[in-house]
Amino acid sequence: MNNIQPEMVIDFSGLFATLDALKNVLNEGEVRQALLDGAIIGEAGAKEELQKMVYDIPESPGYKRTRNLFNSTQTFGRVDEENGGETLVTGVKSSVYYAPYVQFGTKRGMQPRPYLSKGVIGKKQDINEVVADGVAKAVARIAKENGGNE
């Protein structure tokens with residue numbers, strides 16, 4: 001009786017090419033766009049909180065709100081040049097000088113109104129879904145380009 005087992009050969013060459021390509025998946029266009037889209041969602045959350053914490057509260061007598069803080073709260077995205085242009089930095093910022101005082105409060109008694117952190121954290125699930133979708137699209141495209149199936 002012959003106990004020779006049939007040989008089973010699996011070709012992993014396409015998989016290895018895909019894995020090599022996935023090393024840089026975070027630099028793919030789909031992921032970069034998803035990160036920017038996530039920051040835009042964070043901006044919306046920050047502005048919602050800012051509206052509730054600041055602008056929906058009646059003004060003090062003799063004080064006129066300019067909405068400069070609201071209008072200066074924006075999404076940003078830039079490629080970090082210090083790392084050879086390989087890192088995308090995104091987020092939400094407010095460019096008026098008093099934004100940190102509103103966010104963190106002051107020693108002189110102004111209470112913190114953490115609109116940026118609370119707004120972005122409140123949108124965490126939406127942001128995660130957008131970024132995960134971007135990563136999935138990039139991975140699927142890379143796999144297809146390297147001989148995988150859709």
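User: Hello! What should I know about the model before I start?

Analyst: Welcome! The model is predicted, so local features need pLDDT of at least 70 and side-chain atom pairs count only at pLDDT 80 or more, while totals for chains, interfaces and linings use all residues. Residues are numbered from 1 along each chain as its sequence is written, and side-chain values use heavy atoms, with hydrogens and water left out.

User: How many helices and strands are in the chain, and in what order do the elements run?

Analyst: Helices (H or I, at least four residues) and strands (E, at least two) are DSSP runs, numbered from the N terminus. Here the chain has six helices and two strands. Starting at the N terminus, the order is α-α-α-β-β-α-α-α.

User: How do I read "buried", and what share of the residues counts as buried?

Analyst: Buried means under 20% relative accessible area, exposed over 50%, and partly exposed in between (1.4 Å probe, protein chains only). Among the 150 residues of the chain, 27% count as buried. One case is Gly 38, found in helix α2 and buried at a relative accessible area of 3%. The C-alpha atoms of Gly 38 and Glu 129 are separated by 8.6 Å, although the two residues are 91 residues apart along the chain.

User: How is a pocket found?

Analyst: Rolling a probe the size of a water molecule over the atoms shows where empty space is left. On a 1 Å grid over the protein atoms alone, a cavity is a set of points where a 1.4 Å probe fits but cannot get out; a pocket is an open set with protein on both sides within 12 Å along at least five of seven lines, and lining residues have an atom within 4 Å of a point. Grid points are joined across faces, edges and corners, and a volume is the space filled by probe spheres set on the points. In this model the largest pocket has a volume of about 340 Å³. Its lining has 18 residues, and the closest to the pocket centre are Val 54, Tyr 63, Val 102, Met 110 and Arg 113. Helices α2 (29–55), α3 (68–72) and α4 (99–104) each supply at least two residues of that lining.

User: Which aromatic pairs are there?

Analyst: Rings of Phe, Tyr and Trp (its six-membered ring) pair if their centres lie within 6.5 Å; planes under 30 degrees apart count as stacked, over 60 as edge-to-face and the rest as tilted. The whole structure has two aromatic pairs. Tyr 55 and Phe 70 have ring centres 6.0 Å apart and planes at 85 degrees, so this pair is edge-to-face. Because Tyr 55 lies in helix α2 and Phe 70 in helix α3, the pair ties together parts that are 15 residues apart in sequence. Tyr 55 is buried at 13% relative accessibility, and Phe 70 is buried at 17%. In the pair of Tyr 97 and Tyr 98, the ring centres are 5.2 Å apart and the planes are at 85 degrees, so this pair is edge-to-face. Tyr 97 is exposed at 68%, whereas Tyr 98 is partly exposed at 24%.

User: What does Ser 72 reach with its side chain?

Analyst: A polar contact is a pair of N or O atoms within 3.5 Å; within protein, one must be able to donate a hydrogen and the other to accept it, and residues adjacent in sequence count only if both atoms are side-chain atoms. Ser 72, in helix α3, reaches the backbone nitrogen of Ser 95 with its side chain at 3.5 Å. Ser 95 is in the loop between β2 (87–94) and α4.
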